[in-house]
Amino acid sequence: AYADKLKKIKADQQAARAQQVDEFAAETVALFCRYGTSLRAIPKDEHITLVFKGMGAGETRRGDLFYVFARKDFNDCVNDRIDSIQLTAKATRYSF
């Protein structure tokens with residue numbers, strides 16, 4: 001009974017934390033879409049990586065979370081061809 005309650009509490013905490021991290025990342029990407037015109041100087045074949053230190057997945061919460069975007073996708077967002085939600089969906093996301 002106690003072990004089951006503890007598992008549920010941990011699962012709820014992890015779900016809440018994951019949601020907070022996702023919201024923070026989405027807000028950050030939206031800011032880059034609005035104010036990222038200076039990123040045009042990046043060569044066309046390059047990628048843009050956002051690193052969220054200490055926001056990686058897992059129970060330890062020590063890993064970092066990475067979002068990797070194609071420069072073209074970022075420019076499409078800056079130029080209002082796609083929105084920040086679509087840009088985030090196109091990103092490669094990983095953590096370690």
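**Labels and their grounds**

Cys33 and Cys77 are both buried, a term that means under 20% relative accessible area, with exposed over 50% and partly exposed in between (1.4 Å probe, protein chains only). This is a predicted model: local features need pLDDT of at least 70, side-chain atom pairs count only at pLDDT 80 or more, and totals for chains, interfaces and linings use all residues. Residues are numbered from 1 along each chain as its sequence is written, and side-chain values use heavy atoms, with hydrogens and water left out.

Q: What makes the link of Cys33 to Cys77 a disulfide?
A: The term covers a pair of cysteine sulfur atoms within 2.5 Å. Here the S to S distance is 1.8 Å, so Cys33 and Cys77 form a disulfide. The structure holds one disulfide. Cys33 is in helix H1 (residues 2–35) and Cys77 in helix H2 (residues 71–78), 44 residues apart, so the pair links distant parts of the chain. Helices (H or I, at least four residues) and strands (E, at least two) are DSSP runs, numbered from the N terminus.

Q: Which hand does the link of Cys33 and Cys77 have?
A: It is right-handed, with 105 degrees about the S-S bond.

Q: Why is Asp73 called buried?
A: Its relative accessible area is 13%, under the 20% cut-off, so Asp73 counts as buried. Asp73 lies in helix H2. Asp73 touches Ile82, Leu87 and Lys90, not counting residues up to four places away in sequence. Contact here means heavy atoms within 4.5 Å.

Q: How do you know that strands S1 and S2 pair?
A: Two strands pair if DSSP finds at least two bridges between them. S1 (residues 47–52) and S2 have six, so they pair, in the antiparallel sense.

Q: What joins S2 to strand S3?
A: Four bridges do, and the two strands run antiparallel. S3 spans residues 92–95. Tyr67 stands opposite Arg93 in S3.

Q: What makes S2 mostly covered?
A: Five of its six residues, 65–70, are buried.

Q: What makes a set of residues a nonpolar core?
A: Its members are buried Ala, Val, Leu, Ile, Met, Phe, Trp, Tyr and Cys residues joined through side-chain atoms within 4.5 Å. The largest such core here has 17 residues. Those with the most contacts inside it include Val29, Phe52 and Phe74. H1, S1, S2 and H2 each supply at least two residues of this core. H1 gives the most, with four.
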